[in-house]
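Trainee: Please take me through one part of this model slowly. I'd like to know how its pieces pack.

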Amino acid sequence: MRIVPARDGGLCRIRLTGGEMSAAQARVVADVAKTCGSGVIDATNRSNLQIRSVRPDAEDALISRLIEAGLGPATQDADDLRNLMLSPLAGLDPHAIVDVTPIARVLLEQMQHDARLRELSPKFAIMLDGGERLAMLDHPHDVWFSALSAHRFAFGLGGCPPTSAEHLPAAASVESVHVPDLMNAVLHTFLDLALPEQTRMRDLLQTYSAEAVLDRVQQKLDFQLKQDTKDWRRPSSNAQLRFGVHPRRNEGAVCIGAQIPLGRLDATTLRALAEIAPRMRMTPWQSVMLLDVPVADAASSIDRLKALDLATTPNEPFARLIACTGSQGCAKGFSDTKADAHRLASLMPETGNVHLSGCARSCAAAHHVDTTLLAVAPGRYDLYTQASEPVARRITIEEAARWLARSTTDA
Ligand code: SF4
């Protein structure tokens, strides 16, 4: 684990396996955020957490506490090899095709113990999808696996599981038992072929066709990949399932999802979440899914989440607003997107979602959002919808709110 510099001090990324931590681990995160930093904790769109404003004299203490709490990597220097995205309901959704958590454990162990994989970019990302009804299917991954049945997975290189004919089809399929060996072969083939400047799978696919990469992968395997996925499509996910109460496989307990306003928590709120449920998962929507809540406590838990100002239904303004770190914490930001988004929240019409981005890198939204406000100066934004050209330029938050209200009325 390491601390990287940011405009508001040191930044410590905590990679959570499957986005999950126990209540005890959450309390440790809250404690170190407060004692070693400013108490501000960001939920990321990779289902991880970031502790902000870590003081230089507290860096070692913070990392030691996190490792002691079981939040570090399996081996030293393997922290970057934990970018494995699962559904927030992996292993819990009664409608999923398969529980992928056992395979996920194997993949994570395997990656972290393979010294050569340290050559991969820290951003190199893998997705393992069990067919849950709630899954982030818009984030491009370098490699993805998606369940076809309880014993077989489709997989693809660069992109996401296809949900329509417009998407790239899966590359091939593989038996579940062979997923770890296949992933190993794909990652080593990538390192064999990629030039130093080609850090992601999409870069390699500019030079080699997917078929050529697959041929090289096949040479490393002692089983045959099946070319039977050309017409396969992954059923759509329902992102609104990240809100509210959901039954889970085990009767007697439910999961409860809520949106963290603008993906930012304070230590007090995280401690309070740890009082509601014995474990929780962060989601790629920068929200939280509380697990193992007794059925009898569901209604009171929703009330407690509301009291913490988390959004528990999809129509609330903070359920429809995202903002990147912005100029308070990021040197690239042209405006304080979080503060601007707070202003916009009180002016939002009743429908539509909005993304405020401090610059064109668009860190907060890898998925589709109806309206994007791209900062060009403090408090000033260009407004984009589907088009690549802005439909309004250098507007204020209040002007953006009026534009949103008009577009809602016209629709
Ligand atoms: S989108 Fe730009 S301003 Fe916002 S966090 Fe990313 S790099 Fe920083």
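Trainee: At roughly what angle do the axes of helix 7 and helix 8 cross, and within what distance do they come?

Mentor: Quick caveat: this is a predicted model, where local features need pLDDT of at least 70, side-chain atom pairs count only at 80 or more, and totals for chains, interfaces and linings use all residues. Residues are numbered from 1 along each chain as its sequence is written, and side-chain values use heavy atoms, without hydrogens or water.

Now, your pair: helix 7 (residues 267-276) and helix 8 (residues 298-307) cross at roughly 180 degrees, with axes that come within 11 Å. Helices here are DSSP runs (H or I, at least four residues), and axes are lines fitted to C-alpha atoms over the stretch in contact, with angles from 0 to 180 degrees between N-to-C directions. The two helices are therefore roughly antiparallel (over 145 degrees). Helix 7 brings L273, E275 and I276 to the contact, and helix 8 brings S301, R304 and L305 (contact means heavy atoms within 4.5 Å). By class, that's 3 nonpolar, 1 polar and 2 charged residues (Ala, Val, Leu, Ile, Met, Phe, Trp, Tyr, Cys and Pro are nonpolar; Asp, Glu, Lys and Arg charged; the others, Gly among them, polar).

For another pair, look at helix 1 (residues 23-36) and helix 2 (residues 59-68), which pack at about 175 degrees with axes 10 Å apart. That makes helix 1 roughly antiparallel to helix 2. On helix 1, V28, V29, D31, V32 and C36 meet L62, R65 and L66 of helix 2. This contact has 6 nonpolar, no polar and 2 charged residues.

Methods: Parallel < 35°, antiparallel > 145°, perpendicular 65-115°, else oblique.
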